Amino acid sequence: MAYLRSILRSGKNAVPAVLRREFHRTLPAAVQQVTVRDAIKEALDEELERDERVFLLGEEVALFEGAYKVTRGLWKKYGDKRIIDTPITEIGFTGIAVGAAMAGLRPVVEYMSFNFSMQSVDHIINSAAKTYYMSGGLQPVSIVFRGPNGAAPGVAAQHAQCFAAWYGHVPGLKVVSPWSAEDAKGLLKSAIRDDNPVVFLENEIMYSVPFEMSEESQSKDFLIPIGKAKIERKGNHVTLVSHSHVVSRCMDAAAVLAKDGIECEVINLRTIRPMDMEAIETSVMKTKHLITVEGGWPQFGVGGEILARIMEGPGFSYLNAPAVRVTGVDIPMPYAKHLEENTLPQIKDIVFSVKKTLNV
Amino acid sequence: MAGETSFPEPQLAGARLVVSARTYADFTPQASFDIKNCDVHKLEEGPPLQAVLTREEGLQYYRTMQTIRRMELKADQLYKQKIIRGFCHLYDGQEACAVGIEAGIKRSDHLITAYRAHGYTYTRGGTVREIMAELTGRRGGIAKGKGGSMHMYTKHFYGGNGIVGAQVPLGAGVALACKYLGKNELCVCLYGDGAANQGQIFETYNMASLWKLPCIFICENNQYGMGTSVERAAASTDYYKRGDFIPGLRVDGMDVLCVREATKFAAEHCKSGKGPILMELLTYRYHGHSMSDPGVSYRTREEIQEVRSKSDPITLLKDRMLSNNMVSVEELKEIDVEVRKEIEDAAQFATTDPEPPLEELCNHIFYNEPPMKVRGISPWIKLKSVS
């Protein structure tokens, strides 16, 4: 599929030899190609090994090796006590996980899809997010909720919703949305070590995408701080802010625009809450043009929040054009391929929006 | 470890002894009482039909129940004076449940309940002062005034939960942690007859049973879920059977000894590795569901009066002790006077202690976190949060 190929191309130096026919070029010995899926698994494995209190629970995480094979091998290594298969009872097992966290364990709850987390939302918000505050600091809740979020090819309306804005709304939660393999590994490790409830939004499209992992990122103590964005590509003309799989689209669009002499600065948010507004503002002060790009719905979305904060902050007076949002279409996700493709931002949509904003 | 260092050491409720004019040798040191038989479900036998009560235990149970009773009545007063606001769900009538359960478990065991929680906050180590100051929303409150009536916590007591039924999977999770950490502790998960129909409770029964979690599920059946009587809400009102594959027993919740023996029996079952067990306590609340409910549109005053005169838990214990010469009338009166004073002092504190300062508005969002900025009401207001 065209989209998948474009993702593979744009993953940071992903699969260079195969696509560019530079067979003589080899990667430095310490750098490795790691898929996002394997990076997540590495993070889980390392944290399970490091801290006895960490355990995983969710549907099919143990014997089935994970619905998307993310947890492959972990049950064989750690056994029943630490990798727990649950019945298909989201609100029940989420409540149990939060209770275990209250009593001092560090659970990692897997949702087969964040769409199923809607059944558990009461526990994520009322039992986890709010408790430290309501108890006046007596009862912390150290827990991670993870799983695939947002669009996946062909899964249709009930399985394709993006929950970044929903969870990003709630004080007391941290919400993380990694893009690359390094993001996934470093951020998941930070999330598990964090003493607070963290919602970790993966994406199914990204699971199989390989990325270069630096030597540093292969260390067992490699952490990426929650709350800091990353500039994936520097540029002077326009700032593109994105998260999760859509970052790949932005990188592709940037490559296309570069041919026309337009240099985009692509910011990978990495964390939805707390959001790194400083990085966005610094970039906007340089480029004077802002476009947010996301897969989620437009109304009350991540882009809406960024634009509101730009209006209220120092960045506003630097803008040479109104900041705009590029989002998913405001409809339930359709099934037919052509319809589905036209529901999410494509490269041409980003290119078009940049040119409109720059008035070229 | 999270939660280990935050809590102050708990007080042993009602432990002080009363000095009496008559010598200790004049009183019966202990007596054996017949207690009601419990209906059982999927159990070969139930708790014993007799309970031994020592004088010390009797005095302690009496003092604790009386403290809870008086504390709740004072809360009623303060609520009517609008010094307590919002939700206030009172426990008077149900004292034997909280006191009996606590007598049947260890302090190192765990407990979680729903919103009718003031009694449990006390039996689990909170002081009357800090409970009342939390109700009035002051800085000396057990949750620093941030939580209110439904969100009080102590060591090994997980609240105080406002969402009906949510506390049950949470409690099973605490039990999972007990088993995981190999501590030989259990968790008591309380819920009401109204919550008993919640889906998440059945999901919890399933997992607790599958994984043999050491939890005692306890349904405090006070006959009414808010204003809906049990027959109007439940297709089966045999709450002790609704765990299906989980063994259950139905207990007289107005008799503190009955509750204690049943709890001991249940705790033994859990700790021997047999997995969860379910107890239904038949009890009654004198007040309405909450302070905004007079409690008479769905039940008669006669019914309330009948329970008060025939089954009051404090009167039951008092009569038993007096008729067996375990205590004197003066001694109990002295306890009453002391309790009244303690409540008055606490109420005085709760009405005069200042509210938490505005500078602390945004604190306690995250644990173990460097100070961070919080968005205020308008873009120009910059607030700060510390852990």
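Biologist: What makes up the contact between chain B and chain A?

Modeller: The contact takes 42 residues from chain B and 46 residues from chain A. Contact means heavy atoms within 4.5 Å. This is a predicted model: local features need pLDDT of at least 70, side-chain atom pairs count only at pLDDT 80 or more, and totals for chains, interfaces and linings use all residues. Residues are numbered from 1 along each chain as its sequence is written, chains are lettered from A and ligands numbered from 1 in the order in which they are written, and side-chain values use heavy atoms, with hydrogens and water left out.

Biologist: How much area do chain B and chain A bury between them?

Modeller: About 4,000 Å², 67% of it on carbon and sulfur atoms. Buried area is the accessible area (1.4 Å probe) that two parts lose on being put together, summed over both. In chain B, Tyr180(B), Phe366(B) and Tyr367(B) lose the most area to chain A, together 18% of what that side buries.

Biologist: Why is the pair Glu369(B) and Lys174(A) called a salt bridge?

Modeller: The rule asks for a side-chain nitrogen of Lys or Arg within 4 Å of a carboxyl oxygen of Asp or Glu. In this pair the closest N and O atoms are 2.8 Å apart, so the pair meets the rule. The count between the two chains is two salt bridges.

Biologist: Which elements give two or more residues to the side of chain B that touches chain A?

Modeller: They are α5 (167-180) and α6 (199-210) of chain B. Helices are DSSP runs (H or I, at least four residues), as are strands (E, at least two), numbered from the N terminus. The largest share of that side, eight residues, comes from α5(B).

Biologist: Why does Ser135(A) count as buried?

Modeller: Buried means under 20% relative accessible area, exposed over 50%, partly exposed in between (1.4 Å probe, protein chains only). Ser135(A) has 0% relative accessibility, so it counts as buried. Ser135(A) lies in the loop between α7 (131-134) and β5 (144-148) of chain A. Ser135(A) touches Ala143(B) and Tyr153(B), not counting residues up to four places away in sequence.

Biologist: What makes α11(A) mostly covered?

Modeller: 10 of its 13 residues are buried. Among them are Val246(A), Cys250(A) and Leu257(A).

Biologist: How does the reach of helix α11 of chain A compare with the span expected?

Modeller: The expected span is 1.5 Å times one less than the number of residues. Helix α11 (residues 246-258) reaches 18 Å from its first C-alpha to its last, close to the 18 Å expected.
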